[in-house]
Amino acid sequence: MAKLNFMNGHVEGLNISTSPLSKLAKSLCLAYVENQRCQIINTGRNILLNTDYHNTSRVGHSVKDPAQPGTLESLSDEPQAAFLFHECSVSVVAQEILSLCRKTLDDASDHDAATTIDTLPPSLYRASREILDLFRAIIPTRYGKEIASIPRFAAVLHNDCTYLAHETSLLGAEYKEKFNKLASSMGESRRMKMLSEVCTFADLVPPFRDLASKSMGSMIEMQKVQLYELVSSKLTTSFTKALSSNESVSEWDDAETALKAAIHHLRHLSQAWKKVLTRNVYNIAMGNLIDTVFVLFLEPVLKAFEISDPASRFTHYLYLEAIKCTEELFHIDEGAEGLSKVAAIHAVEFEKLQAIGQFMVMRLDDIQRGLEEGIFRCVKAKELSHLITAAFDESEKRRSLLNSLTPK
């Protein structure tokens, strides 16, 4: 029947389009096509439900960070780097779903299958889209609790979604060309021509990107809350008053304990994310969380009305320890230098904490030179004036320095 084109409802030289045999052939054809579609969807469903979502492997390209724009080094940047999928860990589930999607599209663009049953390619194209929709429907639902509470799970889902978004942005163009060739080989088949015109996966890119942002964004917000609870439970409002003390007090010890707890928590997250996320996404996420910790340690000092010499030295030590421990958490190219530079790019408060830490062991003359050298470019004039008033006694030098910071 396939050779006689019964499946398409006609036989060369005979008009049988309304015959009972033709109707039977068409019904068999529809049943076969629907059965093929259901088998593909069931295969995708089995992959999503039965494959261990913990299993991941590295995919993508190792891309170096671009040089500073406008420099000579930027001339040697890889021009295609912006279009490459950066190396990260993607679940085996996502990779198998994409492989199934590609196999389905390959079958849809197969010449023998299309000439035998011309309704098969559109149905297979539909199935390839449906298995990608199944991923978005099943994975966030089945692993919802883990994604919302386990950092690595959230990172893997984020990577899976960005991976599938990247691949689907290319699939349409790749298979549109194949369907065009198939339509030409079939004598400009109207059905295949329409399929080549509508073949696209670009509409699936935004939903995948939204799911990626939602999973990772929610996890970062949850980690911010945890860091706030860790630090604020120890770094109470009494720490601001304790900065006027001329000897070590319990509030200073509590502040140091709070910093150690925050660093320990950040290191735990680093272990979960560093080998999973792309380098850039990892640095952005860590910078966001480090900023949360830095703000909690900056606020009490910036609000203090009196800072003694011992408290200044303690604050300098505390901030120096925070800088040292957090900059080590960032991820840079292998063999590259400049952790502080990377930290300053991704943690907005990094340079501010560094500048105020230096301020705590400076004299008024040193502060004046620091202003000229741009050390305090990240500190507002109002904040710096408040710190000078709190840390130094009334003098002519202090008045002169404060006047230079007062806007005219």
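**Figure 1. Helix α13 packs its buried residues against three other helices.** In this predicted model, the buried residues of α13 pack against α11 (279-303), α12 (309-327) and α14 (350-359). Helix α13 spans residues 339-346. Its buried residues are V342, A343 and H346. Viewed down the helix axis, these buried residues fall within an arc of 100°, so they line one face of α13. An α-helix has 3.6 residues a turn, so residues three or four places apart point the same way. The face turned away from the buried side of α13 carries K341 and I345, which are exposed.

**Figure 2. Helix α14 is mostly covered.** Seven of the ten residues of α14 are buried. They are F350, K352, L353, A355, I356, G357 and F359. Which helices do the buried residues of α14 pack against? The partners are α11, α12, α13, α15 (364-373) and α16 (381-391).

Figure 3. The axes of α14 and α16 come within 12 Å and cross at roughly 25°. Angles under 35 degrees count as roughly parallel, so α14 is roughly parallel to α16. The crossing is right-handed. From α14, the contact is made by K352, I356 and F359. From α16, the contact residues are E383, L384, L387, I388 and A391. K352, I356 and F359 are also among the buried residues of α14.

**Figure 4. L387 is a buried residue of helix α16.** L387 lies in α16. Is L387 buried or exposed? With a relative accessibility of 1%, L387 counts as buried, because the cut-off for buried is under 20%. Leaving out residues up to four places away in sequence, L387 touches V301, L302, I307, I356, F359 and M360. Two of these, I356 and F359, belong to the α14 side of the contact with α16. L387 and E306 are 81 residues apart in sequence. In space, their C-alpha atoms are 8.5 Å apart.

**Figure 5. T389 is a partly exposed residue of helix α16.** T389 has its place in α16. At 39% relative accessibility, T389 counts as partly exposed. T389 touches R398 and L402, not counting residues up to four places away in sequence. How many residues apart along the chain are T389 and A304? They are 85 residues apart, and their C-alpha atoms are separated by 9.8 Å.

Figure 6. Helix α4 covers residues 120-142, and helix α8 covers residues 205-232. Their axes come within 11 Å and cross at roughly 20°. α4 and α8 are therefore roughly parallel to each other. The crossing is left-handed. L132, F135, R136 and P140 make the contact from α4. P207, F208 and L211 make it from α8.

**Figure 7. R129 is a buried residue of helix α4.** R129 sits in α4. Its relative accessible area is 18%, and R129 is buried. Which residues does R129 touch, not counting residues up to four places away in sequence? The contacts are T200, F201, D203 and L204.

Figure 8. C161 is buried, with a relative accessible area of 0%. C325 also counts as buried, at 10% relative accessibility. A disulfide is a covalent bond between the sulfur atoms of two cysteines. A search of the whole structure finds zero disulfides.

**Figure 9. The protein chain as a whole.** The chain has 17 helices and two strands. Of its 408 residues, 46% count as buried. Among contacts with a separation of 6 or more, 77% come from residues 24 or more positions apart.

Notes
Residues numbered from 1 in each chain as written. Predicted model: local features only at pLDDT ≥ 70, side-chain atom pairs only at ≥ 80, totals over all residues. Heavy atoms only, no water. Buried < 20%, exposed > 50% of the residue type's maximum accessible area, 1.4 Å probe, protein only. Helix = DSSP H or I, 4+ residues; strand = E, 2+ residues; numbered from the N terminus. Arc of directions from axis to C-beta. Contact = heavy atoms within 4.5 Å. Disulfide = S-S within 2.5 Å. Axes fitted to C-alpha atoms, helices over the stretch in contact; angles between N-to-C directions. Parallel < 35°, antiparallel > 145°, perpendicular 65-115°, else oblique. Left-handed = near helix turned anticlockwise from the far one by under 90°.
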